[in-house]
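Please look through the sequence and the model below, and then read the briefing that follows, which is grouped by topic.

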Amino acid sequence: MSTREKFIASFGWQALNVFSQVILQLIFISILARLITKDAFGVMAIALFVVGFIEIFSQIGIGPALIQRKELTKEHINGAFFISLLLGIGFTIALYLVAPLVAAFYEDEVLTSVLRWIGLSFLISALAIVPKSLIIKEMSFKKLFFCSGTAMTIGNLGVGLTLAYSGYDIWAYVFALLAQNTLMTITYWIFHPVKIGTSWNWETTKDMIRYGGGSTLFNMFNYAATKIDVLIVGKFGSTGADAADGRAYDRWSTTGIYDRSAYLMSLPITVLGKLSDSVMFSGLSQLQDDKPKLQRAFLSAIYHIALLVIPGAIFMVFFAEEITILFLGDQYFDAIPIVEILFISVAFRSLIKIADSVVRALDRVYTASGIKAIFFILVGLGTFFALPAGLKGVAWALVGSVAIQFVMMMTLSLKLVDLSWKRLIKKVIPGIILGIFVVIASALAKLINMNIDDMRLLRLFIALFINGGIVLIMAWYLPWLFKQGKDNVLQTIAERIPVKALKARWGRKS
């Protein structure tokens with residue numbers, strides 16, 4: 001199998017894996033949002049940030065180090081397993097001890113119990129690092145699909161929703177996460193068993209820790225920047241200035257509204273981020289010594305992602321109301337203007353994921369960490385000073401910070417692969433052209449939808465139908481718009497669809 005074919009096959013399985021995760025997560029969150037309180041989401045937003053932030057350090061980048069190395073020995077694998085296990089145990093105990101301090105800072109005692117329970121995920125995740133990393137390194141994304149699908153279906157939809165229906169409120173969310181992580185770890189070992197020995201070469205382990213340290217620093221600032229706005233809103237956002245009907249929200253309700261708005265914005269980014277973190281990172285790591293192929297892979301990724309996310313972001317801005325109410329329910333009506341603003345940043349953040357993969361594959365994580373630190377500071381300061389203007393002001397501050405990060409990360413990645421901004425912009429042009437047509441189609445759908453009240457699902461369906469029709473017409477009559485050099489998404493799709501075989505099979509049936 002050629003490198004291109006391997007990329008396409010891996011991308012296909014991982015795309016299926018990620019989209020299925022998003023759909024399952026959407027179903028879970030959509031139902032959960034109707035069963036538990038906004039306060040519960042607000043508390044969980046803080047708890048998940050604390051746990052997610054500490055988890056970055058609990059793994060010290062061992063997983064990415066295993067993936068990035070071109071050659072692995074038994075000593076690498078053994079060292080990775082035992083270091084991860086020891087750190088998992090240590091951080092589980094550490095969070096148990098500091099949980100009361102976090103709860104005191106946010107003046108809510110329930111955070112103590114929530115953090116202590118979720119903290120068990122450190123140990124659970126530590127046990128999963130080696131098999132999961134080797135699955136990704138080998139680009140065996142079919143295995144990853146079955147592991148995540150099983151864990152999310154049973155953990156979230158089975159355990160979580162059952163507890164939510166039974167009235168457990170925030171604890172339904174907590175135990176759903178623990179059940180999902182536990183099942184994920186078990187299935188990783190079932191689908192990719194690894195024989196762990198006692199031999200441990202400290203020199204090889206130190207080399208992984210060196211890369212892992214930079215990866216940890218990179219992930220720390222990246223993760224913190226995506227959550228610092230929620231933390232600041234959780235601490236200082238005590239008014240309901242954004243409520244459409246003038247209602248006064250308490251601090252946790254305000255945090256819950258903003259956190260769910262940010263969650264909707266992050267969904268498409270999560271999809272592309274997971275594809276980038278797995279397929280692109282793993283694939284580019286294998287091409288790190290072959291610059292022509294590296295350049296080709298980078299530009300091709302930019303072309304395909306831009307063609308998808310630029311029109312997609314425009315569509316989501318136009319129909320933020322329908323998307324928000326459909327996935328979160330009528331009780332989140334006040335989140336609509338915030339979601340609308342945040343959707344503007346989707347295209348920028350999605351393209352940044354490609355740059356992230358480049359700097360990680362080429363071992364420039366320490367340099368990129370500086371950019372992520374600047375982004376973290378921009379988001380934090382922007383949120384703090386914009387908060388008096390309400391949650392919409394916070395959303396605009398975030399969009400501005402993301403745009404600045406986009407310029408910095410792309411500049412670095414272009415330098416690493418020896419390409420110019422002109423080459424990159426050329427690859428983005430088809431996405432921009434398609435985005436212009438989506439603006440026209442969405443405006444037309446808006447006019448039609450003006451006569452349809454309180455039927456948001458129908459309005460969204462009409463919008464999708466009109467936009468989809470426009471894209472199909474362009475693909476049929478203006479196929480040259482989808483071609484950029486050797487990249488042609490229409491040709492790629494056609495190559496993956498067995499048209500002749502389908503015609504032959506259909507002919508036999510008739």
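**Briefing on the predicted model**

Residues are numbered from 1 along each chain as its sequence is written, and side-chain values use heavy atoms, with hydrogens and water left out.

**Surface patch**

- The nonpolar patch lies on the surface, has about 1100 Å² of accessible area together, and includes Ile-432, Phe-437, Ile-473 and Trp-480.
- Its largest share, five residues, is supplied by α17.
- Ile-432 belongs to helix α17, and this residue is partly exposed, with a relative accessible area of 43% (partly exposed lies between buried, under 20%, and exposed, over 50%, using a 1.4 Å probe and protein chains only).

**Gly-79 in helix α4**

- Gly-79 sits in helix α4 (residues 74-105), and it counts as buried because its relative accessibility is 0%.
- Leaving aside residues up to four places away in sequence, Gly-79 touches Trp-200 and Thr-205, a contact being heavy atoms within 4.5 Å.
- Although Gly-79 and Gly-197 are 118 residues apart along the chain, their C-alpha atoms are separated by 9.4 Å.

**Helix α12 and the residue after it**

- Within helix α12 (residues 320-328), the buried residues include Ala-320, Glu-322, Ile-323 and Leu-328.
- Just after α12 comes Gly-329, which takes a positive phi of about 100 degrees.

Technical notes:
Predicted model: local features only at pLDDT ≥ 70, side-chain atom pairs only at ≥ 80, totals over all residues. Helix = DSSP H or I, 4+ residues; strand = E, 2+ residues; numbered from the N terminus. Patch = residues over 30% accessible without salt bridge, like charges linked within 9 Å, V, L, I, M, F, W, Y side chains within 5 Å. Areas by Shrake-Rupley, 256 points an atom, 1.4 Å probe, with all protein chains shown as cover. Salt bridge = Lys/Arg side-chain N within 4 Å of Asp/Glu carboxyl O.
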